[in-house]
Amino acid sequence: VGGQIATLQFEGQNGLLDLGWGHPDPSLLPVRAWNTATTNTLTTFGWKALAYGNAAGPGPLIEWLQTHLEAERESGADGHDFFISAGASHALSLLTSTMTVPGDIVLVDSPTYHFALRIFADAPVELMAAPTDSSGIHPGRTEELLLRLKRDGRRPAMLYIVPTFANPTGRSLSDERRRALVDLSARTHLTIVEDDTYRELAYESPAPESLWHLDRRLGCGAAVLRVGSFSKTVAPGLRLGWINAQRDVVRRLTQIGYVDSGGGVNHSTAMTMATFGRSGAYTEHLSHIRKEYRLRRDTLVAALGEVEDFVTIPKPLGGWFLWLSLPEGVTARTLEARSRRHGVAFAQGSQFFVANAGGHSQIRLSFSLFSPEQLVDAASRLSAALVEAVAG
Ligand SMILES: Cc1ncc(COP(=O)(O)O)c(C=O)c1O
């Protein structure tokens with residue numbers, strides 16, 4: 001306490017309501033329940049919670065997770081199709097290093113999760129936007145692109161997509177396109193990396209079926225890898241998530257040098273997560289935060305009603321984000337400066353596109369970090385900045 005070195009990645013700036021961060025409201029982190037789970041883990045498992053763990057992740061967590069996903073009709077996996085990772089970001093980094101070779105192409109949706117673009121860019125691969133239209137990624141045109149790339153001797157190693165309650169748009173891909181993508185993967189062997197981080201944060205009806213599960217249910221034989229995370233549902237500081245993959249991929253992951261050497265990543269946290277899940281604390285917490293984030297979404301959407309003349313306010317059915325298209329002549333960059341003067345900030349749209357090739361008049365607002373009262377305040381500050389920007 002009081003040291004020189006930061007404790008957190010992000011601490012709020014005085015008075016600024018920064019809706020650019022996709023972070024949880026600190027008051028919704030399960031401090032007490034996690035404390036109980038930690039104590040119970042040590043009581044139940046003793047030294048086994050503190051030893052080197054199984055390379056693919058500890059049995060208690062994988063077994064609970066599988067049962068939980070099964071109950072959600074989302075498993076499609078047996079225990080050997082899981083690899084516990086240090087969160088979704090780590091999973092993406094691991095998959096990039098195991099599934100690609102230098103010079104490969106990684107296809108991505110547009111817009112897409114900006115830090116995934118950063119993670120892929122750490123590898124010697126070329127990032128390329130897959131064709132999209134107003135409904136998201138376009139399977140037919142993506143297939144044409146694959147053929148063109150193949151003719152040119154290029155190898156598209158994988159396609160990255162957040163099809164459910166996407167970051168940054170909050171949208172979900174239609175069932176028809178999900179099927180078409182799974183079918184495309186089965187026919188062309190294109191690996192699809194499905195980032196399923198927001199699945200559990202569904203506010204209306206259950207989330208659409210994952211590509212992973214769809215493929216398993218229909219027996220398509222597609223190459224879908226699903227990435228999950230406990231960052232949004234429990235806490236980002238756990239740095240805990242998982243990969244669902246075919247067994248040979250799981251085997252390759254367990255053979256990575258530092259996994260082979262040190263065992264499963266984040267073993268003690270994974271064991272505590274197993275306790276948190278098995279005790280029912282996870283489902284209880286999830287139903288609490290679903291209500292809270294739904295309220296925040298509704299509050300921000302309603303409060304932005306004031307600026308409806310300028311922008312259409314989408315109402316995402318899950319996740320943490322609103323994606324707004326700005327009025328004619330207003331760019332995210334110019335609005336940013338004005339907004340900050342009014343004490344509000346957002347994520348500029350262009351960072352969610354490969355090479356910033358789009359999104360210049362779009363912004364992402366996250367409703368996860370602030371209280372409903374603060375969101376009302378943020379919306380009125382943003383409205384004021386928008387009115388000014390439109391007036392020029
Ligand atoms: C789509 C998506 N994937 C992955 C992550 C990061 O997940 P983790 O904290 O598990 O690394 C985020 C967090 O913002 C996200 O929005």
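The model is a predicted one, in which local features need pLDDT of at least 70 and side-chain atom pairs count only at pLDDT 80 or more, while totals for chains, interfaces and linings use all residues. Residues are numbered from 1 along each chain as its sequence is written, and side-chain values use heavy atoms, with hydrogens and water left out.

Ser 229 belongs to strand 9 (residues 223-229); helices (H or I, at least four residues) and strands (E, at least two) are DSSP runs, numbered from the N terminus. The Ser 229 side chain reaches the backbone nitrogen of Ser 231 at 2.9 Å.

Both serines are also among the residues around the ligand, a group that includes Tyr 113, Asp 195, Thr 197 and Arg 239 (each has a heavy atom within 4 Å of the ligand). Sorted by class, this shell has three nonpolar, six polar and three charged residues; Ala, Val, Leu, Ile, Met, Phe, Trp, Tyr, Cys and Pro count as nonpolar, Asp, Glu, Lys and Arg as charged, and the others, Gly among them, as polar. Helix 3 (residues 87-99) gives the most to the shell, with three residues.

What do the ligand's oxygen atoms meet? An N or O atom in the side chain of Ser 89 is 2.5 Å from one oxygen atom of the ligand. For the side chain of Asn 167, the distance from an N or O atom to a ligand oxygen is 2.8 Å, and a polar side-chain atom of Lys 232 likewise lies 2.8 Å from a ligand oxygen. Taken alone, the ligand exposes 400 Å², and the protein buries 92% of that (areas by the Shrake-Rupley method with a 1.4 Å probe).

Asn 167 turns up again in the backbone: a cis peptide bond joins it to Pro 168, with omega about 15°. Pro 168 sits in the loop between strand 7 (156-161) and helix 6 (175-188). The peptide bond from Ser 110 to Pro 111 is cis too, with omega near -10°, and Pro 111 is placed in the loop between strand 3 (105-108) and helix 4 (114-121).

His 189, in the loop between helix 6 and strand 8 (191-195), counts as exposed because its relative accessibility is 63%. Asn 266, in the loop between helix 9 (257-262) and helix 10 (267-278), is partly exposed, at 27% relative accessible area.

Definitions and conventions:
Polar contact = N/O pair within 3.5 Å; in protein donor to acceptor, adjacent residues only side chain to side chain. Buried < 20%, exposed > 50% of the residue type's maximum accessible area, 1.4 Å probe, protein only.
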